[in-house]
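Welcome! Below are a few exercises to work through with the model open beside you, each followed by a worked solution.

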Amino acid sequence: MVNVPDPRFDELVRIVEPQKQVPATVDFVDIAGLVKGASKGEGRGNAFLTNIRETNAIAHVVRCFDDPNVVHVDGRIDPIADIDTIQTELALKDLETCQKRLEKAQKLAKSGSIPERKMLALCERLVPILDEGKRASSLELSDEEDIALLNDLFLLTSKPLFYVANVGEAQLADAASDAHVQKVLARAKEENTKAVVICANIEAEIMQLPVEERADFLASVGLEEPSLHQVIRTGFEMLNLITYFTAGKQEVRAWTILRGCKAPGAAGEIHTDFERGFIRAEVIKWQDWVELKGEAACKAAGKMSTEGKDYTVNDGDVMHFRFNV
């Protein structure tokens, strides 16, 4: 579990000087890599596939550095081949899942079950895609019911995914023009996802340094912040999450909600009673709160809005809820 780096939260804490501060967090699970044949149980395949099934999104760390002291299982450095190995194994496992579900749907659809007929049609579209080693997420769906049925299959290749290109220290300064990194960036663009470049060795060094020495070290290697911060924020974004804040002397806290969440649902993150007895939300935009340095000044300047149950919370809103139960 790691804190989500957020300058907005840091600024609120600086101004309020609260007794307690609680940033947003996200859980990362370190899952060992796999080899060809993992979908059939080769290597640590079964353990890998079980672990990855329990995640909400995938950060695929891809080796982009040469080092004779760090052996590659295939004896070569080829990030795209590594990506394809993972993609193929996940697609094969999903293909197995879809074929079993298709057989079940074929039997149940004969009884006239409309949901099973829809599932049958969906699986018939998915099987050839997965058979080609493509991701289930590449299937374009607009019908809400089809999307719900796809989610019910819990396919590995329907999970949001981004790439983490792991480079050597010598590559970091000019990583964008590195041949290996360019291939990963191109693949990410092709799949309409993101890629983050890190040097795991440098990140490990940063974590071992005293906090007060980290800024100088980062500057010496040409970084404004640890690259892991970008990995964390990208993971947070891939989960379709946003943050709203509550700010007071007792506590400044970042609350995590799904993008598109309405005000009562956001209130429910604090306590179910807040959602059940929701009356209204008092909302201040983060920029206004920081510029005017607090709720009272924002209210006096007309920068506080009163919102009802239909209000969609924006990323960075500073909120106060009124409720009655």
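## Getting oriented

The chain holds 14 helices and eleven strands, where helices (H or I, at least four residues) and strands (E, at least two) are DSSP runs numbered from the N terminus. This is a predicted model, in which local features need pLDDT of at least 70 and side-chain atom pairs count only at pLDDT 80 or more, while totals for chains, interfaces and linings use all residues. Residues are numbered from 1 along each chain as its sequence is written, and side-chain values use heavy atoms, leaving out hydrogens and water.

**Exercise 1.** Find what fraction of the 325 residues counts as buried.

*Solution.* Begin with the cut-offs: buried means under 20% relative accessible area, exposed over 50%, and partly exposed in between (1.4 Å probe, protein chains only). By that rule, 42% of the 325 residues count as buried. For a partly exposed case, turn to D10, with a relative accessible area of 48%; D10 sits in helix α1 (residues 7-16).

**Exercise 2.** Locate the largest nonpolar core and the elements that give two or more residues to it.

*Solution.* First, the term: a nonpolar core is a set of buried Ala, Val, Leu, Ile, Met, Phe, Trp, Tyr and Cys residues joined through side-chain atoms within 4.5 Å. The largest one has 23 residues, and C64, L90, Y163, V167, L172, V184 and I202 have the most contacts inside it. Next, the elements giving two or more residues are α2 (45-53), β4 (58-63), α3 (79-109), β5 (161-166), α7 (179-190), α8 (200-208) and α9 (211-220). Finally, zoom in on V167: leaving aside neighbours within four places in sequence, its contacts (heavy atoms within 4.5 Å) include C64, L172 and V197.

**Exercise 3.** Which parts of the chain does the aromatic pair of Y244 and F321 tie together?

*Solution.* Rings of Phe, Tyr and Trp (its six-membered ring) pair if their centres lie within 6.5 Å; planes under 30 degrees apart count as stacked, over 60 as edge-to-face and the rest as tilted. A search of the whole structure gives four aromatic pairs. Y244 and F321 form an edge-to-face pair, at 5.9 Å centre to centre and 85° between the planes. Y244 belongs to strand β7 (residues 241-247) and F321 to strand β11 (residues 318-323), so the pair ties together parts 77 residues apart in sequence. Now check the burial: Y244 is buried at 0% relative accessible area, and F321 is buried at 7%. To finish, ring pairs link Y244, W255, F278 and F321 into a cluster.
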